[in-house]
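Welcome! Have the sequence and the 3D view open as you read, and follow each part of the report on screen.

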Amino acid sequence: MCPIWNPEIETTTQDRMQELQLQRLRSTVALAYDKVEPYRARLDDAGVSPDSVRSLDDITRIPFTVKTDLRDAYPFGLFAVPVDELVRIHSSSGTTGKPTVVGYNRADLDVWTELCARVGSLAGVVPSDRVQMAFLFGMFTGGWGMHYGLERIGATMIPAGAGNTDRQLMMMQDFGTTALVSTPSYALYLAEVGESQGIDFHALPLRVGLFGGEPTTASLKREIEERLGILATDNYGLSEVMGPGVSGECEYGNMHVAEDHFLWEVIDPETGAPLPEGEQGELVLTTLTKTALPILRYRTRDLTRVRHIDCPCGRTTAVMDKVRKRTDDMLIIRGVNVFPSQVEDACCTIDGIRAHYLIVVDRKGGMDDLEVRLEVDDNVFSDSMSDMEALRKRVAERIHSVVGLNARVVLVEPGSIERTQGKAKHVLDLRDRDGE
Amino acid sequence: MDVQQLSVFIENKAGRISEMTDVLGQAGIQIRGFSVSDTTDYGIVRLILDRPEDAAELLSDAGFTVKVTPVIALDLPDIPGGLASVLGVVSGAGVNIEYVYSLIGTYVVINVHDIDRAKSLLEGKPVRIVSQEELSTLEPLHSHHGLGS
């Protein structure tokens with residue numbers, strides 16, 4: 001049985017938890033009202049004063065916060081403290097338009113580290129572990145959050161960062177890595193490359209993986225566990241409300257939510273109405289302890305279910321289903337968020353290319369594969385083969401610079417991409433067919 | 001008039017080239033020569049025809065992506081070294097050839113960047129430049145297998 005990081009909280013009664021949540025909700029609403037002008041305006045419009053929040057049900061009177069609210073406030077419009085008080089800033093990629101900026105003061109950073117330590121403990125990470133962090137650092141929250149959280153547990157951190165697979169495999173063998181932090185796709189990729197090099201992963205001390213950045217499907221989990229000889233665990237978070245640390249999978253496969261720090265709701269994505277516990281809907285999160293950037297009722301666009309169960313691990317915190325689908329058209333390809341509109345911007349701003357494109361996502365050799373099909377009409381078509389190939393290359397380069405991924409660009413005949421009456425279907429996601 | 005070459009974009013799908021040649025055949029259009037350039041996903045088929053404008057319209061209507069490019073057609077002497085001598089003249093005149101392919105009989109087609117410049121460079125040289133009209137009005141040849149006419 002894995003040690004529980006904070007047993008007092010993580011095994012508390014539901015009554016005590018709700019008491020704590022209400023107390024923290026009231027102070028968060030008060031903080032947002034007093035210190036964040038856009039929130040005060042919105043709460044005033046909705047007729048919600050901090051004092052009027054008397055029970056957890058009152059949360060439904062508070063208006064939602066959506067992604068564009070954070071974008072519109074770029075860079076520091078939603079912060080409740082002066083920027084000088086921040087000790088860390090992170091941002092999302094924001095390849096089209098402004099990125100989303102988040103910030104942490106010292107107290108927030110301490111909470112974040114605690115939550116990531118909880119995630120580590122959920123996965124069974126202990127001080128004697130050697131953790132190889134094959135996750136992107138830079139402006140994203142993922143690598144940093146897990147780094148400090150697992151370091152707090154006392155594990156030996158190997159901040160390998162993303163890429164450089166040969167070096168990763170060398171360190172894994174030479175440093176005696178016992179825990180891997182990465183996207184599940186990358187874990188599989190490491191397995192493939194390692195196998196081709198003749199590495200016997202089962203002979204290595206590698207025993208657990210903490211995967212994030214994209215959903216770990218059931219079949220991915222199985223394959224990773226078989227090939228690397230480890231326990232594969234999932235964890236969930238989003239930078240808008242913190243980063244990693246919102247929930248993490250215990251050894252029994254249940255994702256426990258840090259509900260003392262995040263008040264969760266599950267709503268009907270169409271109507272915004274709250275759904276009863278256990279029904280699938282859109283996850284909405286309210287921060288309960290963040291002071292630099294309090295966030296009220298953030299619509300995550302992730303579809304899931306949250307419920308209280310009797311988990312054999314002993315934790316009483318609510319458990320959420322792994323997120324498989326989104327309410328909007330965002331795709332997650334190799335751990336990168338991709339909006340079809342970004343791909344459209346990338347290719348269709350090149351002279352002559354019309355808006356008839358199809359993004360085809362599939363899984364090939366354990367990795368997400370991205371193909372973009374473009375129709376070749378009279379404007380695009382050139383008699384010169386080298387011109388056509390140069391065009392293809394230009395489109396691929398443009399897609400890479402906007403989205404950050406390598407796409408295979410395939411030229412197809414006009415009319416071969418299906419036209420629809422209503423909203424154009426720009427995405428063919430063949431990964432769904434496994435029904436996971 | 002300059003020889004008008006049709007380039008057709010063909011996706012690498014079975015039957016696509018024959019669909020195209022069907023359209024031409026049904027309209028009674030004669031192919032004087034062709035060349036195929038291909039990658040794994042698609043190919044460019046270049047055609048010299050007796051009625052290039054009609055063909056362009058028909059293929060377009062049938063959903064093909066078509067481009068018309070002026071090219072230079074030359075008549076070769078049918079002797080060993082014939083092609084070499086012609087190409088020698090062309091490149092000797094400083095003309096860079098994008099691609100070459102042969103047509104029926106003794107004709108070849110070359111594509112160059114600057115047609116007018118190329119033609120003026122070739123003036124007075126021992127090569128015969130051929131017009132679209134000549135290719136349009138050629139008598140049909142008899143093929144060797146004797147399968148009807």
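A:Cys250 is buried, with a relative accessibility of 2%; buried means under 20% relative accessible area, exposed means over 50%, and partly exposed lies in between, using a 1.4 Å probe and protein chains only. The closest cysteine sulfur to that of A:Cys250 belongs to A:Cys311 and is 3.7 Å away, too far for a bond. A:Cys311 is in no disulfide either, and its nearest cysteine sulfur, that of A:Cys313, is 3.6 Å away. A:Cys311 is buried as well, at 8% relative accessibility.

A disulfide is a covalent bond between the sulfur atoms of two cysteines; here it is counted when the two sulfur atoms are within 2.5 Å. Over all chains, a search of the whole structure finds 0 disulfides.

## About the model

This is a predicted model, in which local features need pLDDT of at least 70 and side-chain atom pairs count only at pLDDT 80 or more, while totals for chains, interfaces and linings use all residues. Residues are numbered from 1 along each chain as its sequence is written, chains are lettered from A and ligands numbered from 1 in the order in which they are written, and side-chain values use heavy atoms, leaving out hydrogens and water.

## A buried glutamate

Now find A:Glu282 in strand 11 (residues 281–287) of chain A. Strands (E, at least two residues) and helices (H or I, at least four) are DSSP runs, numbered from the N terminus. Is A:Glu282 buried or exposed? A:Glu282 is buried, at a relative accessible area of 1%.

Its side chain makes a polar contact of 2.6 Å with the side chain of A:Arg299. Such a contact is a pair of N or O atoms within 3.5 Å; within protein, one must be able to donate a hydrogen and the other to accept it, and residues adjacent in sequence count only if both atoms are side-chain atoms.

## The sheet

Chain A has an open sheet of 9 strands with mixed pairing, in the order 4-3-5-6-7-8-9-14-13. Two strands pair if DSSP finds at least two bridges between them. The edge strands, strand 4 (156–158) and strand 13 (306–307) of chain A, each pair on one side only. Strand 3 (residues 130–133) and strand 5 (residues 179–182) of chain A run parallel and are joined by 3 bridges. Across them, A:Val131 has A:Ala179 in strand 5 of chain A as its bridge partner.

## Where the chains meet

In contact (heavy atoms within 4.5 Å) are 18 residues of chain A and 22 residues of chain B.
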